[in-house]
Amino acid sequence: MRAVILAGGEGRRLRPATHTVPKPLMPVDGIPILHIILLQLRSAGFTHVTLSLGYRAHMIKASFGGNRWAGLDLDFSLEEEPLGTAGPLTLLPPFEDSTLVMNADLLTDIDFADLFSRHKKSQAVATIALAQQNIDIAHGVVEVDEEQQVTDFREKPRMSFLVSGGIYVLEPSLLTLLSPGGRRDMPALLAAAREQGERVEGYVFDGEWCDIGTPEQLERATAAFRADRSRYLSPKEQSELWAGTGPAEEMVGG
């Protein structure tokens with residue numbers, strides 16, 4: 001089982017912190033988010049992970065000390081310029097089988113193994129992990145018809161949406177829709193597949209999901225991880241992170 005982690009972004013919304021530490025190494029309660037993700041993937045049965053790097057790539061590579069980390073085989077791909085969320089896949093050797101692709105800034109308790117298994121059974125060209133997000137509207141929401149008559153009035157409703165979790169399982173055939181050398185984002189790639197009649201599946205999970213793209217989101221993720229580490233990592237995995245390479249603050253130069 002193979003995975004690709006997109007870890008090349010600059011993390012501009014997290015500045016000034018990302019001036020010195022790349023976002024994939026941003027500590028969540030003292031542990032780099034990328035290291036948490038890798039251990040979760042290993043637990044799900046993944047054995048080979050490609051890290052697509054860009055900003056401060058040397059720091060991320062150095063945090064692993066080579067091409068073998070925690071029992072995982074690692075390799076690295078370098079973006080010379082930002083290529084979006086799908087473009088970096090054109091720099092990789094062709095996929096040989098279904099491959100999980102995900103962002104490097106996610107704290108989640110999704111069952112990666114179940115996602116992968118469900119995709120394999122679906123016969124879809126791609127599966128998107130979907131998280132439920134709720135937004136509380138602070139005002140009354142009013143709807144009117146063409147004659148401006150009020151047809152609905154809801155006081156401070158809660159709106160619910162399914163959002164992309166930034167985690168996908170892709171078939172090799174999907175990558176034939178990508179042209180090398182240009183920026184391409186995942187929504188455009190999946191839209192192109194659907195236009196050609198391909199099946200794109202949604203995998204809805206109701207667990208925890210948070211990206212760490214802003215200081216506020218990083219704070220929420222840190223609080224969630226600190227409150228229940230075992231939800232995300234087993235006690236053995238937690239011990240590995242600290243005993244195997246030393247304190248996480250040292251790993252990211254803190």
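Predicted model: local features only at pLDDT ≥ 70, side-chain atom pairs only at ≥ 80, totals over all residues.
Which element gives the most to the lining of the second largest pocket?

**Figure 1. Contribution of helix H5 to the second largest pocket.** H5 provides four residues, the most that any element gives to this lining. Helix H5 spans residues 215-227. Strand E14 also supplies at least two residues of the lining.

**Figure 2. Residues and volume of the second largest pocket.** The volume of the second largest pocket is about 200 Å³. Its lining is formed by Leu107, Gln133, Glu208, Trp209, Cys210, Asp211, Gln217, Arg220, Ala221, Ala224 and Tyr232. By class, six of the lining residues are nonpolar, two are polar and three are charged.

**Figure 3. Centre of the largest pocket.**

**Figure 4. Strands in the lining of the largest pocket.** Two or more lining residues come from each of strand E1 (2-7), strand E12 (158-170) and strand E14 (209-211). Strand E12 accounts for the largest share, with three residues.

**Figure 5. Residue classes in the lining of the largest pocket.** Eleven residues of this lining are nonpolar, twelve are polar and eleven are charged.

Terms used
Residues numbered from 1 in each chain as written. Heavy atoms only, no water. 1 Å grid on protein atoms, 1.4 Å probe; cavity = no way out; pocket = protein on both sides within 12 Å on 5 of 7 lines; lining within 4 Å. Nonpolar A, V, L, I, M, F, W, Y, C, P; charged D, E, K, R; others polar. Points joined across faces, edges and corners; volume = space filled by probe spheres on them.
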